[in-house]
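Dear colleague,

I am passing on the structure that we spoke about, and my notes follow below it. Please read them with the model open beside you.

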Amino acid sequence: MTTPFRRIARLSVDELCAAYGNEDVHTEHVTALALCLFDRTRVALGLPAAARRLLEAAARLHDVGYSVDPVHHVPAGAEIVLGKGIKGFSGPECEQISQIMVRHSGKVSASGAPMRLLQLAAFLRIGDGLDYSHAQTAKIVGVRRARRTIFVTVRSDRFPESLVRADRKADLWRAVVPY
């Protein structure tokens with residue numbers, strides 16, 4: 001006698017955020033910043049449009065592990081994604097989302113990871129740096145490319161330290177983006 005396969009109901013990104021008390025205001029702002037950079041540079045970087053949904057999910061969930069382990073929230077969040085899965089994403093896509101989440105922190109080596117995932121993590125890393133204050137003060141006001149350089153113009157009148165933090169967190173970008 002065989003046991004019937006029992007399907008575990010996966011939660012959506014919104015449901016995971018709600019279940020783990022995610023700081024939605026911060027993560028929504030980080031998501032908007034990361035997606036703005038992605039949308040404005042994707043073609044120049046040769047990234048597929050389909051990668052956007054992976055970046056969006058990773059950005060929305062990048063701090064979801066805080067309620068489980070504030071000190072180690074990044075690996076805790078990745079474990080949530082791997083353990084629970086995400087409605088609408090395959091197992092391999094959940095693995096990619098967790099890799100983007102883990103690598104946005106800068107505490108995990110970039111070696112061995114696919115370049116596309118590192119590039120997506122770089123978008124998230126900069127977006128997170130731009131909202132270092134968790135006060136949603138930074139705004140991307142322009143993105144342009146000239147020769148082999150991408151210029152990003154950002155404003156943060158009330159908390160300029162976010163600009164300094166984002167520049168520091170651009171280390172991954174500088175390592176994996178050819179501009």
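A crossing of two helices is called left-handed if the near helix is turned anticlockwise from the far one by less than a right angle, and right-handed if clockwise. Helices here are DSSP runs of H or I with at least four residues, strands are runs of E with at least two, and both are numbered from the N terminus. This is a predicted model, in which local features need pLDDT of at least 70 and side-chain atom pairs count only at pLDDT 80 or more, while totals for chains, interfaces and linings use all residues. Residues are numbered from 1 along each chain as its sequence is written, and side-chain values use heavy atoms, with hydrogens and water left out.

Helix packing

I begin with α3 (51-61) and α5 (91-104). The axes of α3 and α5 come within 9 Å and cross at roughly 55°, where axes are lines fitted to C-alpha atoms, for helices over the stretch in contact, and angles run from 0 to 180 degrees between N-to-C directions. The two helices are therefore oblique to each other; angles under 35 degrees count as roughly parallel, over 145 as roughly antiparallel, 65 to 115 as roughly perpendicular and the rest as oblique. The crossing of α3 and α5 is right-handed, and the contact (heavy atoms within 4.5 Å) is made by Arg53, Leu54, Ala57, Ala58 and Leu61 of α3 with Glu93, Gln96, Ile97, Ile100 and Met101 of α5.

Helix α5 also packs against α4, at an angle of about 175° and with the axes 9 Å apart, which makes the pair roughly antiparallel. On the α4 side this contact uses Val74, Gly77, Ala78, Val81 and Leu82, and on the α5 side Cys94, Glu95, Ile97, Ser98, Met101, Val102 and His104. Helix α4 itself covers residues 73-84 and reaches 16 Å from its first C-alpha to its last, close to the 16 Å expected at 1.5 Å a residue, the expected span being 1.5 Å times one less than the number of residues. Buried residues of α4 are His73, Val74, Ala76, Gly77, Ala78, Ile80 and Val81, where buried means under 20% relative accessible area, exposed over 50% and partly exposed in between, with a 1.4 Å probe and protein chains only. Their cover includes α1 (13-19) as well as α3 and α5. Just after α4, glycine 85 takes a positive phi of about 75°.

A further pair is α2 and α6, whose axes come within 8 Å and cross at roughly 135°; these helices are therefore oblique to each other, and the crossing is right-handed. Among the residues that make the contact are His26, Val30 and Leu33 of α2 and Leu120, Phe123 and Asp128 of α6. Helix α6 is mostly covered, as 14 of its 16 residues are buried.

The nonpolar core

A nonpolar core is taken as a set of buried Ala, Val, Leu, Ile, Met, Phe, Trp, Tyr and Cys residues joined through side-chain atoms within 4.5 Å. The largest one has 49 residues, of which Leu61, Ile86, Ile97 and Phe123 touch the most other members. Helix α6 gives the most to this core, with nine residues. Leaving aside neighbours within four places in sequence, isoleucine 86 is in contact with Arg10, Leu11, Ser12, Val13, Leu16, Leu61, Val81, Cys94 and Ile97.

Individual residues

Histidine 26, which is found in α2, is buried, with a relative accessible area of 0%. Not counting residues up to four places away in sequence, histidine 26 touches His62, Asp63, Asp128, Asp131, His134 and Gln136. Two of these partners deserve a look at their backbone. Histidine 134, in the loop between α6 and β1, has a phi near 60°, a positive value in a residue other than glycine, and counts as partly exposed at 30% relative accessibility. Glutamine 136 is found in the loop between α6 and β1 and has a positive phi near 55°, with a relative accessible area of 27% that makes it partly exposed. For context, most residues other than glycine have a negative phi.

Lastly, isoleucine 150 lies in strand β2 (residues 149-155) and counts as buried at 16% relative accessibility. Isoleucine 150 touches Thr41, Leu45, Val143, Arg144, Arg145, Trp173 and Tyr179, again not counting residues up to four places away in sequence.

With best wishes
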